[in-house]
Every structure is written in structure tokens, then in C-alpha cells.
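Hi,

Here is the structure I promised to pass on. Have a look at it first, and my notes follow below.

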Amino acid sequence: MSLFDSALSMLGSVSQNSGGNASLMQAAVSMLGDRQPGGVGGLQALISAFHQAGLADIVQSWVGTGQNMPISAAQIQQALGGGQLQQLASAAGISHEGAASQLAEFLPGIIDHLTPHGQVPEAGNINPAAVLQQFSSLFGK
């Protein structure tokens, strides 16, 4: 059983109570921890997508040590494009628009948590179980 599978089991009861929220967070954290061939991917690829979409200031505020700037669902759609956002929505069993809206709420906090000193960890060095445990309280209410 992989570390991510363990994290999914840990949040199983939370997912049942909160619908797509926990499932979307699980899918997003899994995406952030993915390592692609060549050692890139995950969080670095996501940050790059925001830069390419003209949203560098917003994503850098999440990585940096200052205040996190908000992001809209439309900006999430702009940065992630249809394919990646649709994959996350499908994994969570929610609409494309619903996924963008929910990601706009919790993605800044997740990225901020993963970069506590303003440094982006290398691809593959993100512990999905720890991240999901940290944010599981969002879905317990």
C-alpha cells in the first residue's frame, strides 16, 4: 500500500461526509506530489503553469513568506486549463466549475504549507499523508 493510499484510507470517513471537497483535495495533493520522468513535475509544474498563465504574482505570494493573495475560480481555470482541471474534477466526482471554485479556496493554503520558508521542495519530496492530515480538519465540520 502506497503512502497516498494510506492517506486516502485515513480520510475515507471524511470523504463520505463532505462529498467532493475531500476527494478534490486528495486528487490535488496527489498531483502536487507527482514526479514526472526527468525529475520535474508536481508542485514545480503547477507553479510554472500559473507563471505561464500570467498569474506569477499570485502563486509567488503563496510560495513566499508573506500574505497569500486570493485567486478566483476563473484564474484557476486559466492556469490549469481544461485537461488538468477536468482530471481533478473527475477524480472528485464534481463539475469542472465546482473543482475550480474549491481549488481557489484551498490551493493557496496547501501551497503555502508546502513552502514554509519560501522554498519549493523537489518533485517527489511531498508527503501526501502529512498534507492531507494537516488539512483534514477543513472537512470534518
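Ala-91 counts as exposed, because its relative accessibility is 52% and exposed means over 50% relative accessible area, with buried under 20% and partly exposed in between (1.4 Å probe, protein chains only). Ala-91 sits in helix H6; helices here are DSSP runs of H or I with at least four residues, strands are E runs of at least two, and both are numbered from the N terminus. Leaving out residues up to four places away in sequence, Ala-91 touches Ser-23 and Ala-27, where a contact means heavy atoms within 4.5 Å. Ala-28 is 63 residues from Ala-91 in sequence, yet their C-alpha atoms are 9.4 Å apart in space.

Before you read on, a word on the model: it is predicted, with pLDDT of at least 70 needed for local features and 80 or more for side-chain atom pairs, while totals for chains, interfaces and linings use all residues. Residues are numbered from 1 along each chain as its sequence is written, and side-chain values use heavy atoms, leaving out hydrogens and water.

Now the chain as a whole. It has 8 helices and 0 strands, and 43% of its 141 residues are buried. Of the contacts between residues at least 6 apart in sequence, 63% join residues at least 24 apart.

What lies inside? The largest nonpolar core has 34 residues, and Phe-50, Ile-76 and Leu-103 have the most contacts within it. By nonpolar core I mean a set of buried Ala, Val, Leu, Ile, Met, Phe, Trp, Tyr and Cys residues joined through side-chain atoms within 4.5 Å. Helices H3 (20-33), H4 (42-52), H5 (56-63), H6 (73-92) and H7 (96-114) each give two or more residues to this core, and H7 supplies the largest share, 9 residues. Beyond residues up to four places away in sequence, Leu-103 touches several others, among them Leu-24, Ala-28, Ile-76 and Leu-80.

One helix pair is worth a look too. H4 and H5 pack at about 145 degrees with their axes 7 Å apart; the axes are lines fitted to C-alpha atoms over the stretch in contact, and angles run from 0 to 180 degrees between N-to-C directions. From H4, Ile-47, Phe-50 and His-51 meet Ala-56, Val-59, Gln-60, Trp-62 and Val-63 of H5.

Happy browsing!
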